[in-house]
Each structure stands twice: as structure tokens, then as C-alpha cells.
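The following note sets out points for a colleague who wishes to examine the model in detail. Please read it alongside the sequence and the coordinates.

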Amino acid sequence: MPSARWRAKILRNEMQKVEKYLKLLLQAFGAVTAVAFVPFVMPRSWMATVNEWLGMGVLPDKPVVEYLARTTTALYGFLGGLYLMLATDVRRFAGIITYSAVATLLISAVNTWLCLRAGMPAWWMWSDVVACWLFGLGILLLQRRAVSLKKDSGTDVHASDS
């Protein structure tokens, strides 16, 4: 039977691996999402060109359309920055990280229905669904594994990391 010291070392290594994957997932999703700051500041004419290029027709020239496009992209950019910040300390921010994953899954489910109702292109809806669910479920699975490792150790597996 392995010694307690050897078992603790294995658990610490496994926890470090889980935390590494969690950080990478947060950083990847955060970086991709933070790119939304680009359309937030781009000229309206560029927005209209991109809208047509995506096959969504002419962008309506109404103040509410530009307002919603800019505030939505600003919020996505902010969220990307938040994910990047959360990745800096996955232990300390574990509760917020879990909350963001659950919220992402719930919002994605409602958004899927809204995309269908609004007649958004299938590729748009599916790319959003797949990205959000891979992120959300990935985070939850990694968080669950971290909790399991902590319980298995019978103590705080981080105690001798320093």
C-alpha cells in the first residue's frame, strides 16, 4: 500500500494538472471572447459590411440596432477579460468560475431558442451552442474533479504547494 506522503504527492500532481487545464480553458475562452471589443469600437460602416458578408442582409440603420450591437460586444469583451482574470487564481475564484459556467449553460440554452425564433443562420446558432457548452461543461467537470481530489486527500491538497 502506498505511503501517505506518496499518495499526497500524487494528489498534488493531479490537482496541478486539473488546475492547469482549468486555466487553459478559461484563457482560451476569455481570449476568444475578449476579441468582441473589436466590433465594439469599429465604425458602423464596417459593422454593416460584416453583417452583409455573414449573409444576414443589410444592417438596419436604426439607433437601437447600433446600440444593441455595441453594448452586446462590449459585454462579451468584458466577460472575456473577466475569464482571463479568473484564470489567474482558479483556487481563489472557484465559486465565481463555477457560477460563470452554469450561467453560460443556462444563457446558451435560452439563446438557442431565441436564435431559432429570430431566424438566425444555423451555423451561427450551432457555433454559439457548441462553444458555450464545451466551455461550460468543461469548467464544471474540471471543478468537480478538483473537489473530488480535495475530498480524496482528506486534507487540503494545496497545503504543501508552497
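**Notes on salt bridges, pocket and surface**

1. Arg145 counts as partly exposed, with a relative accessibility of 34%. The model is a predicted one, and the values below should be read accordingly. Arg145 forms a salt bridge with Glu14, in which the closest N and O atoms are 3.6 Å apart. Because Arg145 lies in helix α6 and Glu14 in helix α1, this pair ties together parts that are 131 residues apart in sequence.

2. The side chains of Glu14 and Lys17 meet in a salt bridge at 3.9 Å, N to O. Glu14 and Lys17 are 3 residues apart in helix α1, so about one helical turn separates them. Glu14 is partly exposed, its relative accessible area being 23%. Lys17 also counts as partly exposed, at 41% relative accessibility. The cut-off for a salt bridge is a side-chain nitrogen of Lys or Arg within 4 Å of a carboxyl oxygen of Asp or Glu, and by this rule the count comes to 6 salt bridges.

3. A further salt bridge joins the side chains of Asp61 and Arg44, at 3.7 Å, N to O. Asp61 lies in the loop between α3 and α4, whereas Arg44 lies in helix α3, so the pair ties together parts that are 17 residues apart in sequence. Asp61 is exposed, with a relative accessible area of 65%.

4. The largest pocket has a volume of about 1800 Å³. Two or more residues of its lining are given by each of the elements α1 (4-34), α3 (44-53), α4 (63-86), α5 (94-118) and α6 (122-153). The lining of the largest pocket consists of 43 residues, and Thr72, Thr73, Tyr76, Trp124 and Asp128 lie nearest its centre.

5. Which helix provides the largest share of the lining of the largest pocket? That share comes from α5, which supplies 12 residues. By residue class, the lining of the largest pocket divides into 33 nonpolar, 9 polar and 1 charged.

6. On the surface, Phe37, Phe40, Val41, Phe78, Leu82 and Met85 form a nonpolar patch, with about 600 Å² of accessible area together. Helices α2 (37-41) and α4 each supply at least two residues of this patch. Phe40 is found in helix α2. At 33% relative accessibility, Phe40 counts as partly exposed.

7. Is Leu86 buried or exposed? Leu86 counts as buried because its relative accessibility is 4%, and the cut-off for that class is under 20% relative accessible area. Leu86 is found in helix α4. Leu86 and Leu59 are 27 residues apart along the chain, and their C-alpha atoms are separated by 35 Å.

Notes: Residues are numbered from 1 along each chain as its sequence is written. This is a predicted model: local features need pLDDT of at least 70, side-chain atom pairs count only at pLDDT 80 or more; totals for chains, interfaces and linings use all residues. Side-chain values use heavy atoms; hydrogens and water are left out. On a 1 Å grid over the protein atoms alone, a cavity is a set of points where a 1.4 Å probe fits but cannot get out, and a pocket is an open set with protein on both sides within 12 Å along at least five of seven lines; lining residues have an atom within 4 Å of a point. Grid points are joined across faces, edges and corners, and a volume is the space filled by probe spheres set on the points. Helices (H or I, at least four residues) and strands (E, at least two) are DSSP runs, numbered from the N terminus. Ala, Val, Leu, Ile, Met, Phe, Trp, Tyr, Cys and Pro count as nonpolar, Asp, Glu, Lys and Arg as charged, and the others, Gly among them, as polar. Patches are made of residues with over 30% relative accessible area and no salt bridge: like charges are joined within 9 Å, nonpolar side chains (Val, Leu, Ile, Met, Phe, Trp, Tyr) within 5 Å. Accessible areas come from the Shrake-Rupley method with a 1.4 Å probe; for residues, only the protein chains shown count as cover. Buried means under 20% relative accessible area, exposed over 50%, partly exposed in between (1.4 Å probe, protein chains only).
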